[in-house]
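The exercises below ask for features that can be read from a set of coordinates. Each task is followed by a solution in steps.

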Amino acid sequence: MLEEIRTFTAVQLAEKIKIREISVIEAVKATLEQMEHAEGLLNAYVTVDQEGALRQAQEVQEKIDNGTLASPLAGVPVAIKDNLCTAGMRTTCSSKILENFIPTYTAEAVQNLIRAGAVIIGKTNMDEFAMGSTTETSAFGVTRNPSNFAHVPGGSSGGSCAAVAARECFYALGSDTGGSIRQPSSFCGVTGLKPTYGTVSRYGLIAYGSSLDQIGPIARDVADCAAILEVIASYDKKDSTSLKRGDTDFTSALHDNVKGMKIGIPQDYFGEGLNPEVKAAVLAAARVFEEKGAVIEEFDLSLVEYAIPAYYVIACAEASSNLARFDGVKYGYRTPSDGGLHQMYKKSRSEGFGSEVKRRIMLGSFVLSSGYYDAYYLKALRTKALIKQAFDRAFQKYDIILGPTAPTTAPKIGSSLSDPLKMYLGDIYTISVNLAGLPAISIPCGQDAQGLPIGLQLIGDCFQEKKIIQAAYTYEQA
């Protein structure tokens with residue numbers, strides 16, 4: 001019975017719970033049993049709250065039984081990326097500097113899930129402070145790809161994607177600064193959606209790059225992602241970047257129809273560096289859309305080669321400012337050695353942060369320093385504006401843009417960290433979406449010769465999540 005429960009998607013499971021075919025306790029037990037089998041090898045979680053999950057399950061079941069809870073996700077176990085604050089539950093950002101931090105408040109997106117009757121199983125592993133593309137920079141060890149344990153799951157939301165792929169939860173929340181939901185979704189063979197910037201409140205998300213970060217859903221299919229986004233999207237006055245939107249009925253876009261839809265394929269996305277198997281799978285997916293009645297056209301997006309330098313200058317500049325608060329004074333790790341206030345700051349940070357985080361803080365501090373601010377940071381901001389204009393021109397002509405999510409399938413563990421530049425280049429197709437604040441989804445579109453998943457990315461214009469959901473759903477049905 002428990003094994004059968006794990007085969008359902010989140011929406012299917014909620015439906016079974018609603019008609020009393022499965023209890024919430026059974027759903028939670030099915031998830032915990034799978035974690036017992038898989039977690040030793042996978043390491044997808046930093047914290048598992050077994051007692052809390054069973055307690056929540058009991059409370060949610062009572063509310064479903066007495067009719068006070070009728071959400072389409074009520075009773076479904078969820079995993080939360082470990083950079084989203086959860087009151088009373090450890091939130092570490094997979095860093096030594098926050099290894100014992102227990103927040104006193106809960107992130108708004110997580111709060112929305114709790115109100116909808118979600119049961120939180122635990123917090124998932126990630127690259128430290130979301131800085132990385134492989135989930136290898138975590139202070140709590142490497143997460144492995146469920147498709148092949150010798151390979152990475154991608155990052156920084158690698159723990160969330162691996163947990164969904166290995167059926168250690170029914171869906172998860174991740175955060176996306178430069179592709180951190182979509183790239184690991186591609187590597188793990190699950191569906192990940194990054195909404196338009198400002199659609200989901202960032203209150204309670206421990207910031208990496210504030211102008212780029214966005215919370216989004218990771219699930220087994222498009223219908224789940226639409227239902228989850230519908231629950232977590234809300235205006236929040238606690239977040240100054242939050243938007244008031246009246247079009248958040250995302251499940252209404254689940255139509256199997258792309259007839260007449262104009263889809264643009266950027267030629268720049270199919271140049272050197274793209275794995276031939278990935279290219280073949282993505283172009284095969286484009287032919288599926290064509291057969292379904294969409295109009296496919298190649299075009300020149302331009303500026304793609306400038307996206308990575310602009311992104312890393314802006315993200316690292318914001319990170320150096322955001323991470324200044326972790327100084328060993330109010331919370332988090334403090335060095336045991338003496339030596340006065342300045343020594344305490346220095347030692348707490350050098351002992352608490354990992355090497356990738358230090359690298360990005362130093363880069364960010366450098367581009368913001370006097371004499372270099374104009375040469376690097378201002379130039380990156382201008383490039384960001386030009387990239388947004390390039391997308392605006394494209395969306396005057398096309399409904400959506402189609403391309404690969406990542407240039408390769410999941411690399412082997414250890415192969416990326418030795419060459420940080422190579423790791424940064426792995427985000428080439430995802431980061432321009434964050435620079436322009438656009439919505440995008442990654443859906444599975446095949447496997448390479450080793451059986452590793454390949455992801456297809458669909459990009460929409462601002463506030464056009466419904467178009468990409470409809471297109472992704474149509475492809476999934478085909």
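**Exercise 1. Which residues form one aromatic cluster together with F101?**

Solution. The model is a predicted one. In it, the aromatic cluster of F101 also holds F129, F326, Y331 and F353. The count of aromatic pairs comes to 14.

**Exercise 2. Classify the ring pair of Y311 and Y312 as stacked, tilted or edge-to-face.**

Solution. Step 1: a pair of aromatic rings is described by the distance of the centres and the angle of the planes. Step 2: the ring centres of Y311 and Y312 are 4.8 Å apart, and their planes stand at 85°. Step 3: an angle over 60 degrees counts as edge-to-face, so Y311 and Y312 are an edge-to-face pair. Step 4: buried means under 20% relative accessible area. Y311, at 3%, is therefore buried, and Y312, at 7%, is buried too.

**Exercise 3. Which ring lies under the charged end of K96, and which under K244?**

Solution. The charged end of K96 sits over the ring of Y333, at 4.8 Å from the ring centre. K244 lies over the face of Y235, and here the distance to the ring centre is 4.9 Å.

**Exercise 4. Describe how helices α5 and α8 are arranged.**

Solution. Step 1: α5 covers residues 108-115 and α8 covers residues 222-232. Step 2: their axes come within 8 Å and cross at roughly 105°. Step 3: angles of 65 to 115 degrees count as roughly perpendicular, so α5 and α8 are roughly perpendicular to each other. Step 4: on the α5 side the contact involves A109, N112 and L113, which meet I228, V231 and I232 of α8.

**Exercise 5. Is N125 buried or exposed, and what does its side chain reach?**

Solution. Step 1: N125 is in the loop between β3 (119-124) and α6. Step 2: its relative accessible area is 0%, so N125 is buried. Step 3: the side chain of N125 makes a polar contact of 2.9 Å with the side chain of S94. The side chain of N125 also reaches the backbone oxygen of G141, at 2.9 Å.

**Exercise 6. What are the phi values and accessibilities of R20 and C93?**

Solution. Step 1: R20 is in the loop between α2 (10-18) and α3 (24-42). Its phi is positive, near 65°. At 48% relative accessibility, R20 is partly exposed. Step 2: C93 is in the loop between β2 (77-81) and α5. Its phi is also positive, about 55°, although C93 is not a glycine. At 0% relative accessibility, C93 is buried.

Key:
Residues are numbered from 1 along each chain as its sequence is written. This is a predicted model: local features need pLDDT of at least 70, side-chain atom pairs count only at pLDDT 80 or more; totals for chains, interfaces and linings use all residues. Side-chain values use heavy atoms; hydrogens and water are left out. Helices (H or I, at least four residues) and strands (E, at least two) are DSSP runs, numbered from the N terminus. Buried means under 20% relative accessible area, exposed over 50%, partly exposed in between (1.4 Å probe, protein chains only). A polar contact is a pair of N or O atoms within 3.5 Å; within protein, one must be able to donate a hydrogen and the other to accept it, and residues adjacent in sequence count only if both atoms are side-chain atoms. Rings of Phe, Tyr and Trp (its six-membered ring) pair if their centres lie within 6.5 Å; planes under 30 degrees apart count as stacked, over 60 as edge-to-face and the rest as tilted. A charge sits over a ring if NZ of Lys or CZ of Arg is within 6 Å of the ring centre and within 35 degrees of the ring normal. Axes are lines fitted to C-alpha atoms, for helices over the stretch in contact, and angles run from 0 to 180 degrees between N-to-C directions. Angles under 35 degrees count as roughly parallel, over 145 as roughly antiparallel, 65 to 115 as roughly perpendicular and the rest as oblique. Contact means heavy atoms within 4.5 Å.
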